[in-house]
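Trainee: I have not worked with this structure before. Could we go through a few of its residues together?
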Amino acid sequence: MRLDKFLKVSRIIKRRSVANEVCDMGRVLVNGKAAKPSADVKVGDVLELTMGQKTMKVRIVSVQEFARKEDADSMYEAL
């Protein structure tokens, strides 16, 4: 699944356009490397997002095309 779509479906970032912008600015690392919005992510990858002064580090647990609001947080675990 594309990185920008995963960020939207998992509700880490609300809109896909915002996810694209954050990735383009180099604020998203996948397994320690800067990633483009089109980068493929899979189960087990570690994402590190920097937004403002806040840094969020998560591990992907599952990849789903669609997720309900209640199930979205089960797609990743915070590290």
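Predicted model: local features only at pLDDT ≥ 70, side-chain atom pairs only at ≥ 80, totals over all residues.

Trainee: Where is Asp 4 found?
Mentor: Asp 4 is found in helix H1.

Trainee: Does Asp 4 count as buried or exposed?
Mentor: Asp 4 counts as buried, because its relative accessibility is 1% and the cut-off for buried is under 20%.

Trainee: Which side chains make a polar contact with the side chain of Asp 4?
Mentor: One is the side chain of Arg 2, at 3.0 Å. The side chain of Asn 20 is joined to that of Asp 4 by a polar contact of 3.5 Å.

Trainee: And which residues does Asp 4 touch, not counting those up to four places away in sequence?
Mentor: With that exclusion, Asp 4 touches Arg 16, Ala 19, Asn 20 and Pro 37.

Trainee: Let us move on. Where does Ser 10 lie?
Mentor: Ser 10 lies in the loop that runs between helix H1 (3–9) and helix H2 (16–24).

Trainee: Is Ser 10 buried or exposed there?
Mentor: Ser 10 is buried, because its relative accessible area is 1%. Leaving aside residues up to four places away in sequence, Ser 10 touches Ala 72, Met 75 and Tyr 76.

Trainee: Now the rings: how many aromatic pairs does the structure hold?
Mentor: The number of aromatic pairs is zero.

Trainee: What lies over the face of Phe 66, then?
Mentor: Lys 5 lies over that face, 5.9 Å from the ring centre of Phe 66.

Key: Residues numbered from 1 in each chain as written. Heavy atoms only, no water. Phe/Tyr/Trp six-rings, centres within 6.5 Å; stacked < 30°, edge-to-face > 60°. Lys NZ or Arg CZ within 6 Å of the ring centre and 35° of its normal. Helix = DSSP H or I, 4+ residues; strand = E, 2+ residues; numbered from the N terminus. Buried < 20%, exposed > 50% of the residue type's maximum accessible area, 1.4 Å probe, protein only. Contact = heavy atoms within 4.5 Å. Polar contact = N/O pair within 3.5 Å; in protein donor to acceptor, adjacent residues only side chain to side chain.
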